[in-house]
Amino acid sequence: MAQRLKWRISCMRPFPMSVRPAQQPASSTQGIARALTQLARIVVGKEEPIRLAIACMLARGHLLIEDIPGVGKSTLAQALAATLGLRYARVQFTSDLLPADVIGVSIYDERTQAFRFLPGPIFHSVVLADEINRAPPKTQSALLEAMEERQVSVDGQTRKLAEPFFVIATQNPVEQIGAYPLPESQLDRFLMAIELGYPDASAERELLAGGDRRQHIAELAPVADAATLAEWQREAAAIHVAPALLDYVQALLAASRGFAGAGSTSGSDAGARRGLSPRAGLMLIAAARAFALIAGRPMVVPEDVQAVFPAVAGHRLAGGARSGALQAESLLRSVPLP
Amino acid sequence: MIGRRKQPLAAAARTRASASAVLSATQLRWLGAMLIAAQLPQAPHLPLWIAAFGLMLVGVRLWLARSDARRPGAAPARIPSWALVVFALVTAWFVRLSYGGHLAGREPSVAFLFILVGIKFLESRTRRDGTLLVCLASFLLITPFLTSQSPLAALAALPAILGLGGALDALDRTSGAAPPWRTTLARIGVMLLQGVPLAALLFFLFPRLAAPLWGLPQDYAAQSGLSDTMSPGMISELSLSDAVAFRVDFDGTPPPPALRYWRGPVLARFDGRTWSGLPQRGEGTLASPGGPAVRYTVSLEPSMKPWLFALESPSRMPQLADDDGPGDGARSDFAILTPDRQLIARRPVTQVLRYTETSVLGDRAAPASALDVRLASAPARGNPRTLALARELRAAHPQDRDYIAAVLTMFREQAFVYTLTPPLLPADPVDMFLFDEKRGFCEHFASAFTVLLRDAGIPARVVTGYQGGEINPRGGYMIVRQSDAHAWSEALVDGVWQRFDPTAAVAPSRIERGIAGALPDGEPVPRFARLGGGLLKNMQLALDALNHAWRRDVVGFDNARQRELWRAFDLTARTAPWAIGAAVLALGAWGAALIALMAWRRRHAERAIVLWRRACARLAAAGLPRQAWEGPLDFAARASARWPQFAIAFAAIAESYAALRYADTSARPAEREALVATLARAVDVLPPAASLRTLGGAAR
C-alpha cells in the first residue's frame with residue numbers, strides 16, 4: 001500500500017509556485033526563521049511566546065507580558081532588540097516616575113544659552129516598560145499615547161519616535177497592592193498580551209547550565225536591521241486574506257459578543273461582558289497576517305487566526321492575559337470553521 | 001458533520017438584525033429615489049398642490065437624512081409619529097376638500113396614497129418600514145395605468161421599476177460597503193431582462209379576467225367628439241382638434257377617399273337652428289350583401305358616447321374584435337342598429353373599443369320604414385326665406401331628382417365659400433347662410449340642403465360622422481381624426497335613402513383630399529390634418545403607429561384573444577386538464593433541471609470543499625473526526641500523527657485545500673485547476689475508511 005502511494009504521489013504535479021510555501025523560501029521567511037532560532041537559543045523553551053512577540057512586531061503592534069519577575073521578560077526584550085539590530089532601552093516604572101522620565105526633558109544649556117532636549121528612553125526602537133502598573137496613570141498614559149501616535153510633543157514641538165518603535169510592557173499580575181492597573185481602554189493599545197510562564201524541566205536545566213544570558217546577548221550578531229524589519233512589516237500587511245477567512249473572523253467576533261450571555265459561569269468577570277470591537281477584529285487580522293508571514297505562507301489560514309487569537313483577544317475579553325486567554329481558547333472551540 | 005451551513009453565525013446574525021435594523025443612509029437614498037420615480041408618472045394626473053406636496057415630503061426626508069450625515073454624532077432628526085398621524089388626517093381632509101367632498105373615489109384615493117407614501121417615508125426608521133415602502137411604491141406605480149395605458153405610461157414606469165429593484169437590493173444589503181449605484185442599476189437591469197421571458201410567458205398564458213378588476217375610466221372628463229345635436233359652428237369647432245377619433249385596420253385595400261363616409265349620429269329633427277337626433281328603438285335593416293364589400297376593424301377611442309362608426313352602409317352587425325362567438329353577422333351582443341341605420345353601443349364607449357365590421361360601399365341604402373320617412377318629413381321650422389326659395393324651385397322642378405340637382409347646382413354655381421371660420425348666424429341661420437353670408441362649413445351646407453329638401457316635401461335628414469381618414473404609412477392602418485368630422489344629407493328618393501353631400505358640390509377637394517386640401521391657406525387647420533410631410537408629422541405618424549400596435553397587441557390582449565391563442569394550440573375544455581398536467585410537469589421538470597444545474601455549478605465552483613468534505617468524512621469514518629473548529633493544516637497534522645505513512649497525502653490535501661480556500665488564486669484559473677487536480681488525486685490516494693482503521697490500529 002505504501003509503495004503504491006509513494007508512486008502515486010510522485011506522479012502528482014508539483015504545487016503551483018505561488019501557493020506552495022516550501023518552494024518559495026522568500027528572503028523574509030528565511031530571515032525571520034534565522035531570528036527565531038537565534039532567539040530560541042537565548043530564551044530557552046519559549047518558542048510560542050517568541051513567535052507571538054515577533055508576529056506582534058511584524059504587525060506593528062505593542063506587546064504586554066504579564067508574568068512574575070525572573071522568567072525572562074527583559075531577556076526576551078533585549079534579545080529581540082539585539083537580534084533585529086534595534087536600539088533598546090529599559091524603563092523601570094515606579095510610583096514616582098514622571099512623564100519626563102520616559103519622554104525626555106529640555107534643559108538650559110548655559111554655553112549656548114538655549115534649551116536643549118535630552119531625549120528619554122522612549123526614543124529607542126525597543127522599549128521595555130517594566131512593571132507598567134507601578135507608575136501613576138499620568139506617566140502610563142504618556143507612554144501609551146506615544147505608543148499610539150508614534151510621536152511625542154515636548155515644549156510645543158512634535159518629535160517623531162524611532163521607526164520601528166516597539167514597546168514591551170510587563171506587569172506583575174500577583175502583586176496588585178499599590179499598583180495602578182491599566183484600564184481597559186489602555187489595554188486595548190497593546191496588540192497582544194502574553195504570558196511567558198515557567199520553563200519546562202529540560203529548558204530550565206539548559207538555562208541553569210548555560211551561564212550568563214547577558215553575555216550571550218552581547219555576543220549576538222543581528223540578523224536584520226530597522227530597514228529590513230520595515231520591509232517585513234510591509235510584506236506582512238500584504239498577505240492575502242480570503243473572504244472565507246473574513247467569514248471566520250466575523251464569526252469569531254460575533255461569538256465573542258454573544259459570549260457574555262453564554263459565559264455567565266465566570267459571572268464576576270466584568271470584562272467578559274464586552275465583546276470584541278471591530279478594531280480588535282482588524283488587529284486580529286493584522287496579527288494573523290504576521291503569523292502567516294512567519295510561517296512563510298502567502299495567505300492567512302484559520303490556524304494563523306487561532307494561533308494569535310488568545311494573545312490578541314484575551315486581554316480585551318477579560319482584564320488579564322491569563323483568564324482572557326482561557327476565555328479566548330474556549331471561544332475558539334465554540335466557533336466552527338465556515 | 002462539518003460546515004453544514006455555509007456561514008452559520010453570520011447568517012443568524014443577519015436574520016436577527018434584519019427587521020429592526022435602522023435604515024442606512026444608502027438605503028434611505030434608494031428608497032427616496034424609488035418613491036420619487038414612482039410618484040413622478042402619477043404627478044401630472046393630480047392637482048398641482050397634491051403633486052408638489054407629495055414630492056416635497058420625500059424631498060424633506062432626503063434632506064433631513066443629508067443633514068444627519070453632516071453631523072454624525074448628533075441624534076437623527078425625527079418627527080414624532082403622532083404628529084405625522086395628525087398630519088395624515090389633515091391631509092386626508094384637504095384631499096377630500098379638493099375632490100369635492102369625496103375621499104372614497106378612485107382619484108381622491110390615488111391622491112391620498114400619493115401623499116401617504118411621503119408621510120410614511122418621513123417616519124421610516126427601520127428595514128421593516130423600508131419593506132412596507134417598497135410595497136406602497138409598487139402599488140403607487142400601478143395607479144397611472146388607471147388613467148392611461150399608453151406605451152408612454154409604460155415607459156414612465158420603468159425608472160420606478162429600476163428604483164424598486166435598487167431599493168430591494170439596498171434593503172437586503174445589511175453589512176458591508178454599498179456598491180456604487182451604477183453597479184446596482186446595471187445588476188437590476190440584468191435581472192429585469194432575465195425576468196422578461198417569464199413575464200412574456202405569463203402575459204400569454206396567465207388566465208385573464210373576462211372583465212377588468214375594477215371598471216376602468218368611468219369618470220372621464222368631457223371628451224371632444226360628435227354629439228347628438230348639431231347647430232351651426234359645432235363641427236367646425238371640432239375640426240380644430242387633432243385628437244384621434246378612431247383607427248381602422250382594413251382587410252385588404254382601403255376604399256378610395258370619396259367613399260370613406262363613416263356614418264355616425266343621424267339627425268332628423270330640426271327646430272330652426274339645431275338638428276337633433278331622435279330616440280329610436282327597434283331593429284334597422286342591414287344593407288343587403290352584394291356590391292363591393294369591405295371588412296375592417298375599428299379601434300374606437302373612448303368618447304363617452306355610444307356612437308359606433310361604420311362605413312356606409314354596414315352589411316353585418318359589428319363583432320368585438322377577437323371575439324370567439326359564432327359571428328353570423330346578424331346579431332351583436334354589444335351594439336344595435338337603429339332604423340335610421342345608426343350603430344349604437346349598448347353602453348357609452350369608455351375605453352378603447354375594437355370591433356370588426358363589414359360594409360357594402362355605396363351611397364344608397366335599404367328602403368326606409370314608414371316611421372323613418374315620417375320623421376324625416378316633418379316640415380322645417382323658421383327660415384322663411386329658405387321656404388320661399390324652396391317653393392320657387394319646386395315649382396320649376398316638380399320631379400324630386402330634378403329639384404335636388406337644381407339645389408346642388410345652386411350651391412355649386414353661386415358664390416358659396418367653404419371655410420372653417422364661418423360667421424356667427426344669430427337668427428334663422430339657414431336664411432342668413434343662404435342669402436346673406438354664403439360662407440360656411442359642412443354643417444351649414446348639410447343643414448341648408450336638408451332644409452331646402454324638407455321645405456319641398458322631400459324626406460331628408462342630416463347625417464353626421466367622419467369623412468376621409470389618413471393612411472399611416474408606418475402601420476398600414478387608417479387614422480380618423482376629429483378634424484375629419486363631417487355632416488352630410490340623406491334624402492329619400494324613389495323609396496330609397498340616398499346620400500347627398502352638398503359640401504362636395506362646393507368644395508370637391510374636401511372629399512378627395514381632406515379638410516386641409518379644401519381650405520385656403522391661412523385657415524386654422526389643425527397641424528396634423530395638414531397635407532404634406534414634414535418631420536413633425538412623420539414623427540407623429542410613427543408614434544401613432546406604435547400607439548396603435550400597443551393598443552391592439554398589448555393592452556388589447558385580453559381574455560378573448562388569449563382564448564383564441566389557446567385554441568390555436570388546441571386547448572379546449574376537454575384537453576385542458578391534460579394540458580395543465582403537462583404544464584405542471586414541464587414546470588416541475590424545468591425547476592428540477594434548474595436546481596440540478598445550480599447544484600452542479602455549486603459543486604463545480606467549490607469542488608475543493610466537496611473533496612475536502614469527502615476526505616474528512618473518510619477520516620471520521622476511520623475514527624478521526626475533524627473538530628468543527630479545526631483548521632485544515634492542524635487536522636492534517638493530527639491525521640499524519642495517526643497514519644504517518646499517509647503524511648504526504650494528508651499534507652497535499654490540506655495544503656491544496658487551504659490554498660484553494662484561502663489563497664488569492666482568482667487571477668490564475670489555471671493554477672486553481674492544478675490545485676483542484678492535486679487535491680482530487682490526493683483524496684483518491686487515501687484508502688477507504690475500513691482499511692484506514694486497521695492501518696491506524698497497526699500504527700498504534
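Me: Contact means heavy atoms within 4.5 Å. By that rule, which residues of α2(B) and α5(B) meet?

Reply: This is a predicted model. From α2(B), the residues are L28(B), L31(B), G32(B), L35(B) and Q39(B). From α5(B), they are F114(B), V117(B) and F121(B).

Me: What makes α2(B) and α5(B) roughly antiparallel, and not roughly parallel?

Reply: Take the crossing angle. Helix α2 (residues 25–39) and helix α5 (residues 106–123) of chain B cross at roughly 170°. Angles over 145 degrees count as roughly antiparallel. So α2(B) and α5(B) fall in that class. Their axes come within 11 Å.

Me: How do you know whether Q342(B) is buried or exposed?

Reply: Compare its area with the cut-off. Buried means under 20% relative accessible area. Q342(B) has 7%, so it is buried. It is found in the loop between β10 (335–337) and β11 (343–345) of chain B.

Me: Which residues is Q342(B) in contact with, leaving aside neighbours within four places in sequence?

Reply: R263(B), G264(B), P265(B) and V266(B) are on the list. W307(B), I336(B) and L337(B) complete it. For a distance along the chain, take A310(B), which is 32 residues apart from Q342(B). Their C-alpha atoms are separated by 8.7 Å.

Me: What is the phi of R341(B), and is this residue buried or exposed?

Reply: R341(B) has a positive phi of about 60°, although it is not a glycine. Most residues other than glycine have a negative phi. R341(B) is found in the loop between β10 and β11 of chain B. Its relative accessible area is 5%. The cut-off for buried is under 20%, so R341(B) is buried.

Me: Where does K438(B) lie, and what is its phi?

Reply: K438(B) lies in the loop between α14 (429–437) and β15 (439–440) of chain B. Its phi is near 60°, a positive value in a residue other than glycine.

Me: What makes the bond from E163(A) to P164(A) cis or trans?

Reply: Look at omega. It is near 0°, and the bond is cis. P164(A) is found in the loop between β7 (157–160) and β8 of chain A. A cis peptide bond also joins E312(B) and S313(B), with omega about -5°. S313(B) lies in the loop between β8 (310–311) and β9 (319–320) of chain B. For background, most peptide bonds are trans.

Me: Why do β3 and β4 of chain A count as a pair?

Reply: Two strands pair if there are at least two bridges between them. Strand β3 (residues 104–109) and strand β4 (residues 114–119) of chain A have 6 bridges, in the antiparallel sense. So β3(A) and β4(A) pass the test. V105(A) stands opposite L118(A) in β4(A). The hairpin has 4 residues between the strands, and there Q113(A) takes a positive phi near 55°.

Me: How do you know that β1 and β8 of chain A pair?

Reply: Strand β1 (residues 63–66) and strand β8 (residues 166–171) of chain A are joined by 4 bridges, so they pair. They run parallel. E66(A) stands opposite Q171(A) in β8(A).

Me: What makes β2 and β9 the edge strands of their sheet in chain A?

Reply: The open sheet has 5 strands in the order β2-β5-β8-β1-β9 (chain A), with parallel pairing. β2 (88–92) and β9 (192–194) of chain A each pair on one side only. Neighbouring strands of this sheet are turned by 20° against each other on average, direction ignored. Helix α3 (residues 47–58) of chain A packs on the sheet, touching β1, β5 (126–130), β8 and β9 of chain A. The direction of α3(A) makes about 165° with that of β9(A).

Me: Which residues touch the most other members of the largest nonpolar core?

Reply: L58(A) and M192(A) do, in a core of 111 residues. Helix α12 (residues 278–294) of chain A gives the most to this core, with 11 residues. Leaving aside neighbours within four places in sequence, the contacts of M192(A) include L52(A), A55(A), L64(A), A287(A) and V308(A). A second, separate core has 75 residues, among them Y296(B), W307(B), V430(B) and F449(B).

Notes: Residues numbered from 1 in each chain as written. Chains lettered and ligands numbered in written order. Predicted model: local features only at pLDDT ≥ 70, side-chain atom pairs only at ≥ 80, totals over all residues. Heavy atoms only, no water. Helix = DSSP H or I, 4+ residues; strand = E, 2+ residues; numbered from the N terminus. Axes fitted to C-alpha atoms, helices over the stretch in contact; angles between N-to-C directions. Core = buried A, V, L, I, M, F, W, Y, C linked by side-chain atoms within 4.5 Å. Buried < 20%, exposed > 50% of the residue type's maximum accessible area, 1.4 Å probe, protein only. Parallel < 35°, antiparallel > 145°, perpendicular 65-115°, else oblique.
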